[in-house]
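Below is a short report on a predicted model, with attention to its ligand sites. The structure is shown first.

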Amino acid sequence: MGVNSLYKTLWRKLTASLVFAVTLFFFSPQVLWAQGAAAPKGDAKAGQTLFQTNCASCHNPVSKLIGPPLQGVDAKVPGGMPAIYDWVHNSSKVLASGNKYFNDLYNEYGKVNMTHFPSLSNQDIDDIVAYVDSYTAPSSAPSPSGAPSGQAAPGSSNSLIFGILTLVLAILVLILVQVNSNLRKLANDKEGIGNPKPVPFYRHKRNIFILVIILFFVGGYLLVDGATTIGYSKNYQPRQPIFFSHKVHAGINQINCLYCHAGAEKSRYAMIPSPNICMNCHKVIDHYTGPALHNDEGKLVDGTAQIQKLYEYTGWNDQEKKFDRPGRPIEWTQIHNLPDFVYFNHSQHVKVGQIQCQTCHGPITTEDEVYQYATLGMGWCVNCHRTTKVQFTSNGYYTIFTKYEQELRSHQIDSVTVEMQGGTDCNKCHY
Ligand code: HEC
Ligand code: HEC
Ligand code: HEC
Ligand code: HEC
Ligand code: HEC
Ligand code: HEC
């Protein structure tokens with residue numbers, strides 16, 4: 001009797017802790033995700049885009065590039081925001097007016113003429129300043145949730161957390177089951193009830209059944225996954241001749257993708273930048289002072305030595321600040337490569353379809369070394385064409401589709417997908 005009630009309290013405690021563990025399991029990752037996605041301010045958000053497209057090639061909010069860091073300029077520039085409006089709209093005019101502050105700055109920054117931005121409104125400039133003032137540099141260490149600064153989708157490290165938690169729970173459940181059966185045996189012994197002959201764990205019919213089911217699903221998944229991805233090179237990540245970090249350039253220093261991959265908006269190919277585009281900045285930036293860099297094997301990479309490699313390729317003599325020998329091209333290893341019988345056009349997707357680079361290329365601004373994010377398989381293209389609604393009404397490129405336009409207006413349909421425009425016709429992608 002005593003043993004039986006002991007058994008009951010013990011069992012109650014164990015179930016309680018199991019419930020607790022399960023609750024923890026379901027809530028903890030969500031809590032982490034919620035922390036990762038901090039809500040940005042409205043103005044600063046608009047300012048971010050404006051900053052990245054217009055200013056980031058020369059300015060960083062917090063560090064010196066071609067121009068000075070911009071965080072806190074509104075407090076720093078004599079005359080405050082109105083003076084900044086004038087400067088951004090037409091810097092030459094401000095310099096010509098003899099403004100001492102700006103002329104000193106101009107001399108300090110090697111007499112570089114800042115681009116004129118007559119088309120930016122005062123509100124735009126306010127937004128940009130709101131953005132640079134609210135900017136905090138992304139930390140080099142990955143955030144605990146694995147989603148760096150709330151930008152990237154919760155990715156593999158969350159699955160890892162889930163995996164580990166699941167494993168821990170599975171072990172916990174096993175232990176509990178074992179404890180339960182031992183306690184029951186103990187209680188039965190005490191009360192003089194005979195125990196059935198124990199069946200060894202591995203010969204228990206139920207366990208064998210569960211094992212078969214698991215093997216069936218895992219095996220099936222691996223088989224299907226393997227068979228449908230033959231010839232795909234998802235996750236392909238070659239070693240490049242220079243350790244060029246997208247995280248440093250497009251992430252921390254906010255350089256616009258199109259600054260280097262200008263073709264993505266205008267042509268079929270995004271194109272890899274030529275060394276003289278690199279030298280626009282690296283004539284001045286000759287050493288690396290950012291957060292420590294590691295390659296995919298975890299080895300420390302010396303950023304300054306990598307910039308020296310760039311000088312070797314381009315024939316730049318950094319002591320004398322001039323090119324003193326002929327340059328040679330950098331042999332970047334191509335990562336993405338569709339078969340020749342497929343037609344894919346970047347500008348159609350980036351400019352007309354207005355799809356973000358990251359949708360197809362993944363969280364590049366957090367990567368030191370680029371890898372292939374999508375399968376680039378036919379199923380990948382076609383699925384997206386089936387589900388993506390084109391921004392039909394406000395898009396000048398679609399005026400030819402008058403039938404859909406009329407149907408939209410008379411509410412016969414509420415959206416147009418790429419497929420409805422013929423985006424799944426074989427001859428659109430194959431020729
Ligand atoms: C071509 C490079 C370039 C671009 C693009 C550029 N700037 Fe500048 N900016 C400079 C340089 C260089 C200076 C330092 C003064 C000089 O040499 O003209 C400067 C100075 C400034 C200053 C004064 C900073 C201080 O410390 O007082 C402000 C404000 C400024 N820029 C804002 C902007 C904004 C806003 C944009 C984008 C809309 C922008 N700049 C785009 C190069 C650039
Ligand atoms: C400062 C210049 C620069 C900027 C900015 C930049 N890239 Fe790159 N990108 C490169 C260079 C150089 C390579 C080739 C070396 C490599 O693969 O890392 C490259 C490679 C790539 C590749 C792989 C190309 C292949 O071989 O298939 C993709 C995809 C890519 N970039 C996308 C982006 C996106 C998206 C952005 C913006 C978030 C961006 N890049 C910003 C310079 C740049
Ligand atoms: C718009 C300016 C700009 C352009 C264009 C640019 N860089 Fe950089 N680069 C930077 C800045 C800023 C840093 C970081 C410096 C620091 O943190 O001290 C940097 C750092 C580096 C580093 C050291 C860190 C790392 O990524 O390994 C290398 C190497 C490098 N750049 C190579 C290149 C190459 C190659 C190109 C051309 C494909 C290029 N850069 C184009 C601005 C630029
Ligand atoms: C709809 C998906 C999609 C979008 C959006 C997209 N890309 Fe690509 N990207 C691809 C595919 C597919 C390839 C392989 C093309 C090939 O092999 O012909 C590729 C290849 C590349 C390459 C390798 C060199 C080249 O010219 O083909 C670079 C660099 C690149 N993309 C950069 C970008 C940048 C930067 C953006 C955003 C401005 C972007 N991509 C947007 C799908 C996309
Ligand atoms: C993330 C979604 C997405 C992915 C992935 C994608 N596309 Fe598209 N694609 C679009 C959108 C949106 C348009 C519509 C642009 C337009 O209306 O012209 C489009 C249009 C096209 C068109 C023109 C269709 C027409 O009706 O004229 C072709 C060709 C095309 N894509 C080829 C490809 C190929 C090849 C791939 C795979 C390598 C691919 N796309 C992957 C979204 C995608
Ligand atoms: C949105 C673009 C797109 C459309 C539409 C499309 N394909 Fe493809 N197709 C691809 C891409 C990308 C590949 C290469 C990658 C791969 O093999 O999956 C491919 C590969 C293939 C292959 C080579 C076999 C293989 O898997 O390697 C065949 C055959 C093919 N397509 C037939 C068709 C037929 C038939 C249609 C019309 C019903 C069609 N495709 C429509 C993009 C497309």
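How do the residues of the shell around ligand 3 divide into nonpolar, polar and charged? The shell holds 16 nonpolar, ten polar and no charged residues. Here Ala, Val, Leu, Ile, Met, Phe, Trp, Tyr, Cys and Pro count as nonpolar, Asp, Glu, Lys and Arg as charged, and the others, Gly among them, as polar.

This is a predicted model, in which local features need pLDDT of at least 70 and side-chain atom pairs count only at pLDDT 80 or more, while totals for chains, interfaces and linings use all residues. Residues are numbered from 1 along each chain as its sequence is written, chains are lettered from A and ligands numbered from 1 in the order in which they are written, and side-chain values use heavy atoms, with hydrogens and water left out.

The chain has 19 helices and four strands, taken as DSSP runs numbered from the N terminus (helices H or I, at least four residues; strands E, at least two). Of its 431 residues, 30% count as buried, that is, under 20% relative accessible area, with exposed over 50% and partly exposed in between (1.4 Å probe, protein chains only). Of the contacts (heavy atoms within 4.5 Å) with a separation of 6 or more, 67% are between residues 24 or more positions apart.

| Iron atom | Coordinating residues | Distances |
|---|---|---|
| Ligand 1 | H59 (NE2), M114 (SD) | 1.9 to 2.0 Å |
| Ligand 5 | H349 (NE2), H385 (NE2) | 1.9 to 2.0 Å |

The site of the iron atom of ligand 1 is octahedral, with angles of 86 to 179 degrees among its six donor atoms. Six donors count as octahedral if opposite donors are over 155 degrees apart and all others between 65 and 115. H59 is buried, at 9% relative accessible area.

The iron atom of ligand 5 also has six donor atoms in an octahedral site, with angles of 87 to 179 degrees. H349 lies in helix α15 (residues 346-352) and H385 in helix α17 (residues 378-387), so the pair ties together parts 36 residues apart in sequence. H349 is partly exposed, at 22%, whereas H385 is buried, at 14%.

Around ligand 3 there are 26 residues (a heavy atom within 4 Å), and H249, C278, C281, H282 and T289 come nearest. A nitrogen atom of ligand 3 is 2.7 Å from a side-chain N or O atom of H249.

Terms used:
Donors are N, O and S atoms within 2.8 Å of the metal (3.2 Å for Na, K and Ca); water is not among the atoms, so sites may look incomplete. Four donors count as tetrahedral if all angles lie between 85 and 135 degrees; four count as square planar and six as octahedral if opposite donors are over 155 degrees apart and all others between 65 and 115; anything else is irregular. A polar contact is a pair of N or O atoms within 3.5 Å; within protein, one must be able to donate a hydrogen and the other to accept it, and residues adjacent in sequence count only if both atoms are side-chain atoms.
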